[in-house]
Amino acid sequence: LPCLLNSQYIIDPNTDRCEKCPPGLKCDIDTVHFVVPASTWMKEDGVHKLITCPKGYMKMSVINGAVAEAGDQRCEPCAEGTECVTELCDTCSPCSAGTFKAVAGIQECSKCPPNTFNPDVNAVGFASCRACPIGADTRGNDGQTKADACQCGSQFYLADPQSSGAALSCVRCPRGLECADGS
């Protein structure tokens, strides 16, 4: 029997049988094309098996804890809050503290902008980047992971020497006085 166009393939018509086309391939009976161009597949025992996915994708060859059938294998973009920055990727890793990723895709996690911090891993949105207290900044540094990165900015002074981080108490320097470096 001939293979079904666009849904099956056959590697060697003399020895193999028609196989289900996995989501990671586009099949045209005796020709297959990679959905993700930089993915690598291997012909083994009459089927195409997914070997590697490129940067930004995870290898979907295990589904719900079980090894997927060859017909179910594919490269999937990393989910929100995760990334894969290695050239060949099997699994996506959580965004590190100080970063976030709001949508699924092949892009890397983004650093939180200056004057914010994010202590959490796996952050899925910009809202995870918490603003420094009023009058405080991170001295222009992005990707900060701790509230302690926030310091009283220029023209402000530390009102309570015991305060720090998210509870930092910075007050505008009184008119006519000079406040240097937040002190």
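Lys20 and Asp72 join their side chains in a salt bridge, with 2.9 Å from N to O. A salt bridge here is a side-chain nitrogen of Lys or Arg within 4 Å of a carboxyl oxygen of Asp or Glu, and by this rule the count comes to 8. The model is predicted, so to speak of local features takes pLDDT of at least 70, side-chain atom pairs count only at pLDDT 80 or more, and totals for chains, interfaces and linings use all residues. Residues are numbered from 1 along each chain as its sequence is written, and side-chain values use heavy atoms, with hydrogens and water left out.

**Pairs that link distant parts of the chain**

- Lys20 sits in strand E2 (residues 19-20) and Asp72 in the loop between strand E9 (66-67) and strand E10 (74-77), 52 residues apart. Strands (E, at least two residues) are DSSP runs, numbered from the N terminus.
- Lys55 and Glu108 also meet in a salt bridge, at 3.2 Å from N to O.
- Lys55 lies in the loop between strand E6 (47-54) and strand E7 (57-60), while Glu108 lies in the loop between strand E14 (99-100) and strand E15 (110-111), 53 residues apart.

**Accessibility of the partners**

- Buried means under 20% relative accessible area, exposed over 50%, and partly exposed in between (1.4 Å probe, protein chains only).
- Asp72 is partly exposed at 25%.
- Lys55, at 34%, is partly exposed, and Glu108, at 40%, is partly exposed too.

**The Arg17 and Glu19 pair**

- The side chains of Arg17 and Glu19 form a salt bridge of 3.7 Å, N to O.
- Arg17 is exposed at 60% relative accessibility, whereas Glu19 is buried at 15%.

Technical notes: Helix = DSSP H or I, 4+ residues; strand = E, 2+ residues; numbered from the N terminus.
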